[in-house]
Amino acid sequence: MDVKVNESCIACGACESICEAVFSVEDVAKVNASAVAANEDCVKEAADACPVGAIEIE
Ligand code: SF4
């Protein structure tokens with residue numbers, strides 16, 4: 001699973017709340033790629049919860 005945050009991110013913090021092992025939000029959300037494999041379920045939850053659809057999963 002490859003996870004990216006696109007330029008739509010408004011830094012709302014939802015993804016970090018749902019999946020803090022993978023997402024950290026500063027000016028925009030950042031992805032800790034090394035943590036994705038062990039946290040795929042909450043990555044999907046965060047992508048569904050993102051209000052602007054900024055989390056892209058490939
Ligand atoms: S939930 Fe979406 S908009 Fe909010 S910080 Fe995460 S990527 Fe950005």
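This is a predicted model: local features need pLDDT of at least 70, side-chain atom pairs count only at pLDDT 80 or more; totals for chains, interfaces and linings use all residues.
**Ligand site**

The ligand has 14 residues around it, of which Cys9, Cys12, Gly13, Cys15 and Cys50 come nearest. The space that the ligand takes up is the largest cavity.

**Overall fold**

The protein chain contains 2 helices and 4 strands. Read from the N terminus, these elements follow the order β-α-β-β-α-β. The radius of gyration of the protein chain is 10 Å, close to the 10 Å given by the globule rule for 58 residues, so the chain is as compact as a globular protein of that length. The C-alpha trace spans about 25 × 20 × 15 Å along its principal axes. Of the 58 residues, 33% count as buried.

**Salt bridges**

The count of salt bridges comes to 3.

| Side chains | Distance (N to O) |
|---|---|
| Lysine 4 and aspartate 2 | 3.1 Å |
| Glutamate 58 and lysine 4 | 3.7 Å |
| Aspartate 27 and lysine 30 | 3.2 Å |

Asp2, Lys4 and Glu58 are linked in a network of salt bridges. Lysine 4 takes part in the bridge to aspartate 2 and also in the bridge to glutamate 58. Glutamate 58 lies in the segment after β4 (55-57), whereas lysine 4 is in strand β1 (residues 3-5), so this pair ties together parts that are 54 residues apart in sequence.

Lysine 4 has a relative accessibility of 39% and counts as partly exposed. Aspartate 2, with a relative accessible area of 37%, is likewise partly exposed. Glutamate 58 is exposed, at 58%.

What is the accessibility of the remaining pair, aspartate 27 and lysine 30? Aspartate 27 counts as exposed because its relative accessibility of 59% is over the 50% cut-off. Lysine 30 has a relative accessible area of 35% and is therefore partly exposed, a class that lies between 20% and 50%.

Technical notes. Residues are numbered from 1 along each chain as its sequence is written. Side-chain values use heavy atoms; hydrogens and water are left out. A residue is near a molecule or strand if one of its heavy atoms lies within 4 Å of it. On a 1 Å grid over the protein atoms alone, a cavity is a set of points where a 1.4 Å probe fits but cannot get out, and a pocket is an open set with protein on both sides within 12 Å along at least five of seven lines; lining residues have an atom within 4 Å of a point. A molecule sits in a cavity or pocket if more than half of its atoms lie within 2 Å of its grid points. A salt bridge is a side-chain nitrogen of Lys or Arg within 4 Å of a carboxyl oxygen of Asp or Glu. Buried means under 20% relative accessible area, exposed over 50%, partly exposed in between (1.4 Å probe, protein chains only). The radius of gyration is taken over C-alpha atoms; the globule rule is 2.2 Å times the number of residues to the power 0.38.
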